[in-house]
Amino acid sequence: MPIHDQSYRRYRGNRARPGAAWAVIAWAGIRSLLARRLVLALLAFAWMPFLVRAVQIYLSVNFGEIALLAPTAETFRDFLEQQNFFVFVVTIYIGAPLIADDRRANALALYLSKPLGRAEYVAGKLAILFAFLLFVTWLPAMSLLGVQMAFSGSAEFVARNLFLIPAITLLSGLKVLLASLTILALSSLSTSSRYVGMLYAGVIIFSDAMFQALRGATGGSTAAWVSVIANLSQVGDVIFRLPARYDTPWLLSALVTLGLLGLSIVVLERRVRAVEVIT
Amino acid sequence: MSTPSAVARLDRVTVSYGTNAALCEVDAVFESGAVGLLGPNGAGKSTMLKALLGLVVPDRGQMRVLDLDVAREPLKIRARLGYMPETDSHIPGMNAVSFVAYCGQLAGLPSTDAMRRAHEVLHYVGLGEARYRNLETYSTGMKQRIKLAQALVHDPDLLFLDEPTNGMDPAGRDHMLALIRDLAERKSVNLILSSHLLPDVEQACDHVVVMDRGTVVANGPIAELKGPSGRLYELRVKGDPETFLRALREAGMECPDSEDDTLRVFVPEPLGPRDLFQLAERQGVQVRHLKPSLSTLEDVFARAVGEE
């Protein structure tokens, strides 16, 4: 005789109101990725530059004769630029399959038949990538500020450069948003994550190669706006109150970056649908 | 205004994909209980279900599901709906219990409840032993059952089942239809079963909506639609059946087939059963059994779509 009725029973418990499903998607995605050793190794490796910078700060604080190593606003901007490599790798490895795999498995119809809209689905997927990318950009950069305070035993540097907190947040946010939306848009175009990864790498590398070629041909850097990376660097300089490094107006770089964000949103709006209509 | 027993209603709904109209001015009412949505491939059945889910926006017309407006409150509707898509669908990299629990959470269940319900529904659909296996290793029949499980996990008031027996072997198909029947009859789950297979609908449903080329061609209780024709009779006689059959044919009646000792006789208007008896008496044949023959759902379908 069965001790538990294994038949179908009606559910009488609580239900969440629509609007929280993005958190379910995000949490499930983060949890499944954290279960992979390769992801953990990648994340650990992405913190190596932080350790190097922490040693640099320690030396500058404790040995006055190497004041050359003393941190400035530029140190934090350079640190965020160093992290570009890890942003690139994490974006491809984690971001490429996010929508492509769902499209391959026809999961979009399942997701969107639940009480969640397309924007919520994208927000959930975006949150997964956001979490990992902020972990390799914003978190170590802010931690460096904390390390500086801890090693020097005073908040003088931070108080003198208080703008660094919003600057780090803004530049990290911009990098992460651009990388996340671009890879998600590309991911929504294909059912192959490998192809999506190659496409993303192509966009980043080809745009920068084109800029370098134009730079060599013209002898100036007015064509920096064609490069995704150069645009971010240019905008980053302004955010960190440093002189812009290229001849392109920073506003143009900002507009191109915003344009890329807008294009990604348009692609997502058109591609993330439960029903694919081919006319 | 929906009648209380109607779980879904479409009023003059038109859905087009580009220049192709998938649904044309469709009016339909789905009563509570098990309703079959029957039609050949390309009739617009899946489009209708997707429109009712709010996944496809109609060009014209209004739809209500569970007394809620589909255009205004699609999320509230989907919270009370379970959808089993026609295509092979899953979320990659998950085992069955994680997948079903995840679907429960997406539908608003707390994580512990979702996990408990996932185990329950997996047992219910017959996947209890395979619930820790990765979905990618499942057979076609198992994939159909896991799709039913994810549609059931949040205990919907209305289920949309799009071709639930596709690709299943006869035993699996019977099991799936038995589950569907059980859900409708014993668990009080309203459901719409979309299929191009007449026996599936006939076995699992009480009502049927018949579609063809984007329009509804018949709609109502299966028993009523099949109805006693009043003109086709089954009869058994004592005496010489050959002579009697000849006499029937001479009188303008048709005898399409006979099975063992049972004759099926089509009696054209204005003739009736009285004429059968009179003819039998004249031929010296005794009528031992006479009853109006019921048409099958296949007859209803053929009549509705205008097939011979």
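Me: What percentage of the 308 residues in chain B is buried?

Reply: This is a predicted model, in which local features need pLDDT of at least 70 and side-chain atom pairs count only at pLDDT 80 or more, while totals for chains, interfaces and linings use all residues. Residues are numbered from 1 along each chain as its sequence is written, and chains are lettered from A in the order in which they are written. A residue is taken as buried if 20 or more other C-beta atoms, placed from the backbone, lie within 10 Å of its own. Among the 308 residues of chain B, the buried share is 45%.

Me: Which helix of chain B supplies the largest share of the side that touches chain A?

Reply: With contact meaning C-beta atoms, placed from the backbone, within 7 Å, 38 residues of chain B meet 32 residues of chain A. Helices here are DSSP runs of H or I with at least four residues, and α1 (45-53), α2 (74-79), α3 (96-106), α4 (111-124) and α5 (140-152) of chain B each give at least two residues to that side. The largest share, six residues, comes from α4(B).

Me: Which strands are the edge strands of the open sheet of four strands in chain B?

Reply: Strands are DSSP runs of E with at least two residues, and two of them pair if DSSP finds at least two bridges between them. The order in this sheet is β2-β1-β4-β5 (chain B), with antiparallel pairing. Pairing on one side only marks the edge strands of chain B, β2 (20-31) and β5 (68-69).

Key
A residue is buried if 20 or more other C-beta atoms lie within 10 Å of its own, exposed if 12 or fewer, and partly exposed in between; C-beta atoms are placed from the backbone. Two residues are in contact if their C-beta atoms, placed from the backbone, lie within 7 Å.
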